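Dear colleague,

I am handing over the structure below for your own work. Please read the notes that follow beside it, as they describe what was found.

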Amino acid sequence: MLSFELYNAANFGAAQIRERVVIIGKRRDSNSTCKVPYLTPTHDEQGRFGLPQWRTFADAVATIPTTESEQHFLPIPPQRLRFYELLKPGQYWKDLPPELWSEAMGKSST
């Protein structure tokens, strides 16, 4: 028996709002029902139902060391940085003006 459902990864502790199809398979057994259970969320957008609120990027990176000697990163190229500066927190490339989409996404837009 197969079941599929659309889930928002943020409801399961991911630090981004991302919908994913999850496929669950269950072997038919004479001693069990064939119904496949739904996944139970671990987080909620507003923190309802006794669950913690969705995690943010800041939550996800909060435990990363902040001393300069322990940081290893690549600088963001200036041509890409200009697109990031146009976005507000929580936005992504589709929140840019449509005329910039192709340029902002480069080879990914084709």
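Which side chain meets that of Glu 103 in a salt bridge? The partner is Arg 82, with an N to O distance of 2.3 Å, where a salt bridge is a side-chain nitrogen of Lys or Arg within 4 Å of a carboxyl oxygen of Asp or Glu. This pair links distant parts of the chain, since Glu 103 sits in helix α3 (residues 101-105) and Arg 82 in helix α2 (residues 78-84), 21 residues apart. Glu 103 counts as partly exposed because its relative accessibility is 47%, and Arg 82 is likewise partly exposed at 35%; buried means under 20% relative accessible area, exposed over 50%, and partly exposed in between (1.4 Å probe, protein chains only).

Before going further, please note that this is a predicted model, in which local features need pLDDT of at least 70 and side-chain atom pairs count only at pLDDT 80 or more, while totals for chains, interfaces and linings use all residues. Residues are numbered from 1 along each chain as its sequence is written, and side-chain values use heavy atoms, with hydrogens and water left out.

As for the overall layout, the protein has 3 helices and 2 strands, which follow the pattern β-β-α-α-α along the sequence; helices (H or I, at least four residues) and strands (E, at least two) are DSSP runs, numbered from the N terminus. Of the 110 residues, 12% are buried. The protein exposes about 9,400 Å², of which carbon and sulfur atoms supply 57%, with accessible areas taken from the Shrake-Rupley method with a 1.4 Å probe and, for residues, only the protein chains shown counting as cover. Among contacts (heavy atoms within 4.5 Å) between residues at least 6 apart in sequence, 32% join residues at least 24 apart.

The count of salt bridges comes to 2, and one of them joins Arg 48 to Asp 44, with the closest N and O atoms 3.0 Å apart. Arg 48 is partly exposed, because its relative accessibility is 43%, whereas Asp 44 is buried at 8%. Asp 44 lies in the loop between β2 and α1 (57-61), and a polar atom of its side chain is 3.0 Å from the backbone nitrogen of Gln 46. Leaving aside residues up to four places away in sequence, Asp 44 touches Asn 11, Phe 49, Leu 51, Pro 52, Gln 53 and Trp 54.

Trp 54 is also among the residues touched by Asn 8, along with Gln 16, Ile 17, Arg 18 and Glu 19, again not counting residues up to four places away in sequence. Asn 8 is found in strand β1 and is buried, because its relative accessible area is 15%. The side chain of Asn 8 reaches the backbone nitrogen of Ala 10 at 3.0 Å and that of Arg 18 at 3.3 Å.

Strands β1 (2-8) and β2 (19-25) each supply at least two residues of the patch, and the largest share, 3 residues, comes from β1. Ile 23 is found in β2 and counts as exposed, because its relative accessibility is 61%.

With best regards

Notes. Polar contact = N/O pair within 3.5 Å; in protein donor to acceptor, adjacent residues only side chain to side chain.
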